[in-house]
Amino acid sequence: MRVLCIQGIHSSVGTSTVVANTARTLKELGQDVLVFDLNPNNLLRLHFNMDWQNPAGWALNVSKKKSWFTVAYECEQGIRFIPFGQIDYKKLQSFSIAKNWLSDQLTYLNLPSETWVILNVSSELNALSTQALKLGDIIIRVIEPQINSLSQVIDSIQSSYIYDNDSLADKAFYLINKLATNSQLDYDVALVLKKLLLEKIIPVTIHFDENIKEALANKTTVTVHAPESPAVDEFKAFAIWLTTHFN
Amino acid sequence: MSTRDHFNKDTKLPFDVKLFYIINQSSIAKDWLVFKKTLLADNTPLFSTLVGIIFFAFCYDNHRKNAAKIFRKYFPHVDFQEPTIADIVRFILQLVWLSTVQVNRIEAKNTIINLDFIYSVLTFIKSGVLLPIEKIFSSAEHVLDKVGTTEMSQNDKFISRVYLLFTVLLAVICISVPFTISAQVAFSLILLIVAFLAYSTPGRLPRLILIALSLIISSRYLWWRYYATLNIDNSLDVFFGVILIFAETYAWIVLLLGFFQTVWPLDRKPLPLPKDTTIWPSVDIFIPTYNEPLDIVRTTILAALNIDWPKNKINVFVLDDGNRPEFKLFVNEVGARYITRDDNKDAKAGNINNALKMTQGDYIAIFDCDHIPVRSFLQITMGAFLADRKLALVQTPHHFYSPDPFERNIDNFKNVPNENSLFYGVVQDGNDLWNAAFFCGSSSVLKRIPLIEVGGLATDTVTEDAHTALYLHRKGYSSAYLNVIQSAGLATESLSAHIGQRVRWARGMAQIFRIDNPLFGKGLNISQRLCYINSMIHFLGGIPRLIFLLAPLGFLLFHSYLIYAPAIEILLYAAPTLINNNITNSYIQGRHRHSFWAEIYETVLAWHIACATTVALIHPKIGKFNVTAKGGLIENSFFDMNMSKPYLTLITLNLIAVVLAGYRYFLGPEDEQSTVILNFVWTAYNLIMLGGAISVAAEKVQIRAKHRIEVNSEIIIRKRSGHLIYATLRDFTSDGVGLYMKNSSTLEKNELVDILISNGDKEFSFPIRTVNVKDNHVGAVFENLTIQKQLELTQCTYSRSDAWIHWHKNFTRDKPISSLGSIIKVSFNGYLILIRMLPQFIKKPFLLLSSSISYIKTLLPKKITNNTLEYKDA
């Protein structure tokens, strides 16, 4: 079991998109993939064509003290995913999980060693994301070539990458997403980020593309929606980077 | 009986399917129908159906489904639907070809008939012989690596001298002892066998062996010529004999010096520069121009500005001898510097010398105005200067991205290495070993101090470049040659321009030979003298070449025995020499020149340089610098009658020789017949080469002003809607691009989009307008690029350091026999061109002959290649 955490350095950097497309690309490369949505915004399911109205998800079941095994789905392309579930604000406030809950669940699943478990981790620091990050074999932190990401990255470097935790920092890598091709500033910030992060940066940049937005509107991933988009090749390159990293 | 076929239509069962039912093989009837559908049409005549069934029956069971496709692929020229007798011949010949020559490379062998047993036995024998020899040669390589690196002791020196003496003695015996006919046969055979073995193995030892063999056998030939074949009793024989022996001696000297020059190419590697950029020297880049249009020079200037070097240590100067205001405007706009002068004294050399006075850089890099440098040019070349204080010159190859007239008119661009390729691939690298690599006028770096010391560029001759290098070497400075393509330019546009350029070189070299002969004078060591002298006398080859082209007439017309010996003896001496020399040259030249092409190049030039060099040798002051025209168009195909008059004369004379040969063979004395045959073969060879020259003179249309440069890099198209599309950049010019897209329906004609090209860490966008969109291919032109964008574009295209790296990948190692084959083809085309110009009543029988030859050609087997290109050019 290869546990892959994908976490945005802050909100709205496109983490769910990266998770969904990475999962689909890995699947296309013949890998076995399970996606676990740990983000309360519950967006990931939309990339896999789940009904808007369907509130099901593991967190919803857990909060109702039910087993979450009933809410695992498989999309048309054969990717298994577990949505977070639509939880209202009040329930979310009181939502809590046991220590080592996540690792217990994964151990219980007892997946074969080649299976990729992709955890869609919320950018906010909470009990769930802490558990996930500790559990991950590798952490992909999604960043945008924007000043707010840059400022976060500089903070991270000063606090030895993540939450003052060296062991997390060691396995963390950065992926630039949403590079706007008509913005000189984006290019410049991307260069600065590459210079700052050196070998920590993944040598693939995902360009901002209208096709990616449209793909979500069509409740699918860009690999399915617009195969001619460069994002398809970029995600492929990223997936190959991931597999070589694990080998 | 009726059944449903695979189209679900009720049909009457055809007889062939019935046949399968009869022989109780109904299971394969379906396979047969597929086979028949693919290979034959629906309504095939009875005959071909029967033939089809026979084929089908021959296929192995498990391959029957794909058999039809394989038949189509491996018998592309056979018409299965309506076969004629000729198709049967084609099929049989192709079958023989596939099962003998091509058997190892095809998957069809399992499907058709398995004949690769013989092939594998042959391969086994071949590798059994070659493997031990390869082992010996490769172990010798370690010993050869140490040559020159270790200091020899007194004792070693003595021993090596003894060896040398012994070797020379042995060589003298081999060369001068007269043999009987049978001894000569044995001797030549042994040498040839050794030569063939050495030819099949790579390495430096086989190279040395081949050179030694060639030296022995050709010296032996020449010795025999002087000693035994001059008939001094007959004045006519002596007259013609001496002329021929002069030409042969010349050829022998050129061969000898050529071997010396290329015995051990240095293959120098770029040296790294120090980390600290403050100690890097300052460089001035000179781009001399005279009358070339700004459109050509523009990219060179932009690329020169893109060269990676500390910005305060590099200056780009455009030296405009044409004094043109639009140049001044552009140069100032992009941030280069403009230099002009009042007169045009001493042409290019004078132009550069003038600029030398007005600039201060430690080094000077010179680019002809169409030679576009890549950004790494200085990084690659400057390291050598910092390592060697005596170094005054670093030269890099001249590479051309457009076809020269030979390549265009013969249509072998990128398939056969061009005339230049040998010089920059082998000769300069060989010169470099002897510290005699010389300046070629462009794509090179000179050190200022030595250059000033010799008085700037030489102005006494029309080849200022070679002469300047000679000056530098005489002063004790050294030179280096780096065989890394770091710039690319335009080839000469027409045959007349090409000949004009070569004539200038020949004249200049003859001038240097006459007024500043490298054999004499101070400062050079013996090997430098030999290298220079070879480069010069190479250009004096016009007259000897003409002698060879006319020699058979000496016997056939004047009945003079130029070589006074029986034909069989001539054959036994000459043939092994020719074969051996060709093998050795083919080995040395490797993939830089294919066998016999040199003959064509030299035949084309022979007459023109013969005149120029003779004049220059008699009166070296005549003749001025001519600017080589480049980047022009040829709107209509035409035959360059002016340039080809000499060949037409030579062809006429050789045709007369053919007629005379027929006359002498049938009507002359019987004991002369063998000599007649020998001379006839010689004439035929001459005619082949002259035909090649003729086909070069037929100028083909050149419609494109800008030559597309093929690349294969991934780019992104950004539509104005914000959609990104992945595409492949197939080719570019400074005006537009050719793209390949998996799905071009997303683009419209005349659509304004941007392309994003990445270069290292950076990505640049350029606005383009699509001109045509068809079948996944998109042609587009750039739309209003600003100066900044033009600079960026040059950076992403011409200036890329890897821009020309893959250029030579298509060139394979020389295969002499197939090379001769393609020359004969080219020559044949040449004669066809000539015949078409003749009056109708003469033309007709010839054209009939040619069409029957091309018909016979369709019968011949076709070579099947498995690596088909994924997509063709836009």
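At roughly what angle do the axes of helix α7 and helix α9 of chain A cross? The first view answers this for a predicted model.

**View 1. Helices α7 and α9 of chain A pack side by side in contact.** The axes of α7(A) (residues 147-158) and α9(A) (residues 184-197) come within 10 Å and cross at roughly 10 degrees. Angles under 35 degrees count as roughly parallel, so α7(A) is roughly parallel to α9(A). From α7(A), the contact uses A:Ile147, A:Leu150, A:Val153 and A:Ile157. Facing them in α9(A) are A:Val189, A:Val192, A:Leu193, A:Leu196 and A:Leu197.

**View 2. Strand β3 of chain B is mostly covered.** This strand spans residues 283-289, and seven of its seven residues are buried. In a regular strand the side chains alternate between the two faces of the sheet. B:Val283, B:Ile285, B:Ile287 and B:Thr289 point one way from β3(B). B:Asp284, B:Phe286 and B:Pro288 point the other way. Residues on both sides are buried. Strand β4(B) (residues 314-320) runs parallel to β3(B), joined by seven bridges. In this pairing, B:Val283 stands opposite B:Ile314.

**View 3. Six strands of chain B form a closed barrel.** The strand order is β14-β15-β16-β19-β18-β17, with antiparallel pairing. Direction ignored, neighbouring strands are turned by 45 degrees against each other on average.

**View 4. Strands β18 and β19 of chain B pair in the antiparallel sense.** Six bridges link β18(B) (residues 762-774) to β19(B) (residues 777-782). One bridge pairs B:Lys774 with B:His777 in β19(B). Helix α27(B) (residues 787-796) packs on the sheet. There, α27(B) touches β17(B) (752-759) and β18(B). The direction of α27(B) makes about 85 degrees with that of β18(B).

**View 5. Helix α28 of chain B has a buried side and an exposed face.** The helix holds 21 residues, 816-836. At 1.5 Å a residue, α28(B) should span 30 Å; its end C-alpha atoms are 30 Å apart, which agrees. The buried residues of α28(B) are B:Ile823, B:Val826, B:Ser827, B:Gly830 and B:Leu834. They lie on the same side of α28(B) because they cover an arc of only 100 degrees around the axis. An α-helix has 3.6 residues a turn, so residues three or four places apart point the same way. The cover over the buried residues of α28(B) includes α16 (405-410), α24 (597-618) and α26 (673-697) of chain B. On the face turned away from the buried side sit the exposed residues B:Ile817, B:Ser818 and B:Gly821.

Conventions. Residues numbered from 1 in each chain as written. Chains lettered and ligands numbered in written order. Predicted model: local features only at pLDDT ≥ 70, side-chain atom pairs only at ≥ 80, totals over all residues. Helix = DSSP H or I, 4+ residues; strand = E, 2+ residues; numbered from the N terminus. Expected span 1.5 Å × (residues − 1). Buried ≥ 20, exposed ≤ 12 C-beta atoms within 10 Å, placed from the backbone. Arc of directions from axis to C-beta. Contact = placed C-beta atoms within 7 Å. Pairing = 2+ DSSP bridges. Axes fitted to C-alpha atoms, helices over the stretch in contact; angles between N-to-C directions. Parallel < 35°, antiparallel > 145°, perpendicular 65-115°, else oblique.
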